[in-house]
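Please take a look at the model below, and then follow the paragraphs through it one part at a time.

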Amino acid sequence: MVRVQGRRRFLGAVGSLAATGALSGCGSVVGQALTGADGPSSLLNFWHPFTGGDGEQLVRMQSTYRRRHPATDLKSTTMVWGAPYYTKLTLATLGHRPPQVAIAHISRLPTLAASGLLRPVSRSEMDEHGLNAGHFEPAALRRARHEGEVYALPLDTHPFVLYYRTDVAEKAGLLDGEGRLTDVDGPEKFLDALRAAKEATGVWGGSVATVKDPAMCWRLWWTLYRQLGADLVRDGGRTVVMDVGAAEEALAYIRRLTAERLVPPNADGNGGAITLLTAGKAGFLMDGEWQLLAVQGALKGKFDMRTFPRIFHDAPYACAADSHAFVLPKAPSAEAQRTGRALDFVRAMLDASYDWTKGGHIPAWRPTARSAAYRRLEPQAHYADAADGAAYDPAAWYAGADSNLYRRFGDVVASVLGGHTRPGPGAARMRAAVTELARTEAPV
Amino acid sequence: MSATAVPGAGAGAGAGPPAGAGAGVGAGAGAGSRTGAGSAGRGTRTPSARGGSAHTGRWTASGMLLPFGVFYVVFLLGPLVYTAVAGFFNGSLVKGGLGDWVGTANYAQALGSDEFWSSLGHTLWFTVLTTVPLILVALALALMTDRFSRGKWFFRLAFFAPFMLPSSVISLLFMWIYADEIGLAQGVAKALGADAPPSWLGDPDWAMISIAAATVWWTVGFNFVIYLAALQEIPREVHEAAAIDGAGPWQRLRLVVVPMLGRATTLVAVLQLVASLKVFDQIYMMTGGGPDDATRPSLLYVYQTGFTDGRAGYASTVALLLFVIILLISLVWFALIRHTEKEA
Amino acid sequence: MAALTPAPAATARSTADSAPRRSPRTDSERLFNRVTLGTLLALALLWLAPLAWAVATSVRPPGELATDPTAWFSAHSTLANYREVLAAGRIPYWYVNSFVTSALTTLLTVCTASLAAFALSRLRFRHRRPVFLLILAGVMIPPQLLMVPHFLTLQVAGMLNTYWAVVLPQVPNVVAVFVFKQFFDGIPVELTDAARADGASWLRIYGQIVMPLSRPAVSAVTIFVFVWSWNNFLWPLLAVTDPQMMTLPVGLTSVQDAFGLPQAQLMASAVLGALPLLTVFLFFQRRIVEGIVGTGLK
């Protein structure tokens, strides 16, 4: 009996504890959750997927915002990145409780906008909040439009770039008088540079994350493919215009990297490729500029960055790139939408985007991009012009960041890189995959 | 969800239902998509000669069935019918509605797609990887534990406690244990002499095995307590008689104890099979179906097509196919077990 | 599953857990027992190791984690990770959300299922058998496969991102009906007949006679449904996307507040996520196991 009473008392204590908690702090939330009411109008929910070094920069930008806007209750949520992020954003909007403002990759924009999940921003609203179209990087803003309306406000451009160790490059005789990398543009020249770096490191010339990283595989292939001047799909993804010859040529070049033992075929995306560079086992790293803080942390001043080499000259310079942009998911009512508050927040973030560039990203906000401070920032300034050659993903419901297309094509690239598939059959597999995706009826 | 009788259910400590009817009761419900579902048990049942006094108006009965009936129709039967119908349309999640009639196009696409079959293959592979060890390990643990009268609570705590945890805790835990370079599992493998232990969740050949191992750790406690309960129902006299006949521990185990566990094994096997076929949580969280889709199970395929791609119609088709497959497999499996049980 | 075969009459052993069992007679048997005990203890430790590992990681300073990730102990144990995780201010909400949704689910399940089971057990009406079979057949429908129609239904009802979205689809629990019906069948019919003769309505008999006598069944269903609902993942993942309204299992792996090398913090939140049910389990170990397995219920 004593034990039973002890249990009862314990249960009672737990019960009253929960009740107290519910009544004091969580009461309003419980009420909201039962009735589905909107939160208070001061609340601004913001979702983003930044879990890496750029996330820490964002935290800094947000705390500045909070200090300056005490009337706004900014609730920022870091959601686990990838396709699940977009799934959640979609479900939240369909479930009538989206965040007031969220980050989206601009490559996802066509699908999100066509699905009716986003609220467009009118020109007058943009002007009202000082977000004049002229202040944005034109290439990024062009991608932010859908059927004539602006659906996204770009924060940055983040291209696929080339990192290199200055000590290895020097030893390999690849530096010019100013300590910059000499000409590595052209199919043979880049391989020669890798070969020289391999001799200097004694292990590998360069590295690229290909295992567990279909996105990186896609970026490598897409960069080369676009440099060959080829295109993939048109008409919102319904028509395939793939150039199988160019696809094969790009794959063949990728295969040479590993076949000539200049790049390891098994570096993984969880830091394995970066570690090869930072440990001095590779002189070059092909990766996104967002790894800047990770590399910087390990190598301090012993590395530099530049735009990805121009391997092929068949078309204007191109490198795989995407942009992070602010979007306003469509809320069920104007009170829940809080457009004014959201746009104020966007403006504040853009104004603070110099902090954002420290994470490696190229600002899409021209006042920042043109500032003297950014132009002096190293090594960011060394690849800033990559934004001009930004090759965005094709516009299709199955394309964009962490999409089906990434998975299908990345798989082929990894297989070719590892020598399991020859470039010809690889290109054929790509064509089959994209044809199948294009034939599938679009769900938007 | 599944309900099956458990052997056992002696009225413990004289507090059974009224009038000493001694009806043990077990509750059970499918435990989400984790492997290891619920069970229901009952024991000595008083055959209730339902009285002739129950002259009941139809309205009373309907009224009492109504609340449950509404939930049943709206959230179980109705959705199943909807799934069957929606599979013939091209409905989109974001557009809403059923969409347009497409006939059997979705079925043709699903049955002709590598992704459907490979995800089904992964589901079956996971089922094989988990069901067998979950039965054998649970049996071994229960047999060993049953030998000791004291300290049973400790073993029950150790083996059953993980089963109480949410799948997300399990996933967080094992993502850390299986982490490349810095995880415990690679550290242990290195200490045991492996030069280059595999990337447990990153290597397509290992990922499913790693997830299955975590699942066995997580859910074996459920089968363990069922076996333990069944073992306790074996009368002491049986052991004693066997011991007097000169049977050693091994012989007693093999010839006396294990054969008496047939019914518990049936229960555990069926529940396990059905639960494994519905695996989702831990794979969604630990690998997201990767690497290279090598661990994507069927339910994750339904989720991805339905909610990530927003193809509600096609996802319904896949869900219905999966429903039929689960139904068939469990029926066949059940018939097989019943058959062998009869022969034994 | 139509696996509703009657169990063999159980040979009740009066005090299953506490009575000393067969004592070892011979040396070889004693040795066998010792080997078994050793193996079992080793396995129990192996089973507890992952949980211990989570706790060990969660109290290590993150900096130390970077230099020596697989060490078990730290000279600088700290609760800082817990403070950080709790300071993010999400887990308390998730606790409350999980508690409220699980409690509502359990309440609605127990009420609706027991009422239906009572009708099936005690009332005589036309088509009773087919109705019972129809309900039982529902056990063959895995609710996970119904996620698309569930989502669409609740979207149309405007209930997504409320507690109701999480609760309602979990309510039709066929197994609960079955358990209640089994129990009610075991209650002597004389009891209800007598009340009926006194002119009590069926609803009254249900509420004042049968349910009070059925506390074992109620407690078994309550425990099972509560645990199951607390741990449910797939449906709450779809039903609730607002971080403030997520249930504990969904929130833990959807929201990531820590940056850099967050393992220590992740393990701290995993431990916090494990805590509620583990604590309850420690206190009510036997009852929970019995509720789940169905032996010797009180």
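Over residues 31-56 of chain C the chain is 100% helix and 0% strand, with the end C-alpha atoms 35 Å apart; helices here are DSSP runs of H or I with at least four residues, strands are runs of E with at least two, and both are numbered from the N terminus. The model is a predicted one, in which local features need pLDDT of at least 70 and side-chain atom pairs count only at pLDDT 80 or more, while totals for chains, interfaces and linings use all residues. Residues are numbered from 1 along each chain as its sequence is written, and chains are lettered from A and ligands numbered from 1 in the order in which they are written.

The stretch 31-56 is one of those that UniProt, in an unreviewed entry, lists for chain C as "transmembrane region", and residues 163-184 are also among them; such annotations may be inferred rather than shown by experiment. Over residues 163-184 of chain C the chain is 73% helix and 0% strand, and the end C-alpha atoms are 31 Å apart. Chain C as a whole has 15 helices and 0 strands, and 54% of its 298 residues count as buried, that is, they have 20 or more other C-beta atoms within 10 Å of their own, with C-beta atoms placed from the backbone.

Helix α15 of chain C, residues 285-293, has among its buried residues Ile288(C), Glu290(C) and Val293(C). What covers the buried residues of α15(C) includes α4 (152-160) and α7 of chain B, together with α11 (215-231) and α14 (263-283) of chain C.

Leaving aside neighbours within four places in sequence, Tyr227(B) is in contact (C-beta atoms, placed from the backbone, within 7 Å) with Ala138(B), Leu139(B), Ala142(B), Leu261(B) and Ala264(B).

In chain A, strand β3 (residues 101-105) has 5 of its 5 residues buried. Strand β1 (residues 43-48) of chain A pairs with β3(A) in the parallel sense over 2 bridges, where pairing requires that DSSP find at least two bridges. Strand β14 (residues 324-327) of chain A pairs with β3(A) in the antiparallel sense over 4 bridges. Ala102(A) is the bridge partner in β3(A) of Trp47(A), and the bridge partner of Ala102(A) in β14(A) is Val327(A).

Note on methods:
Buried ≥ 20, exposed ≤ 12 C-beta atoms within 10 Å, placed from the backbone. Contact = placed C-beta atoms within 7 Å.
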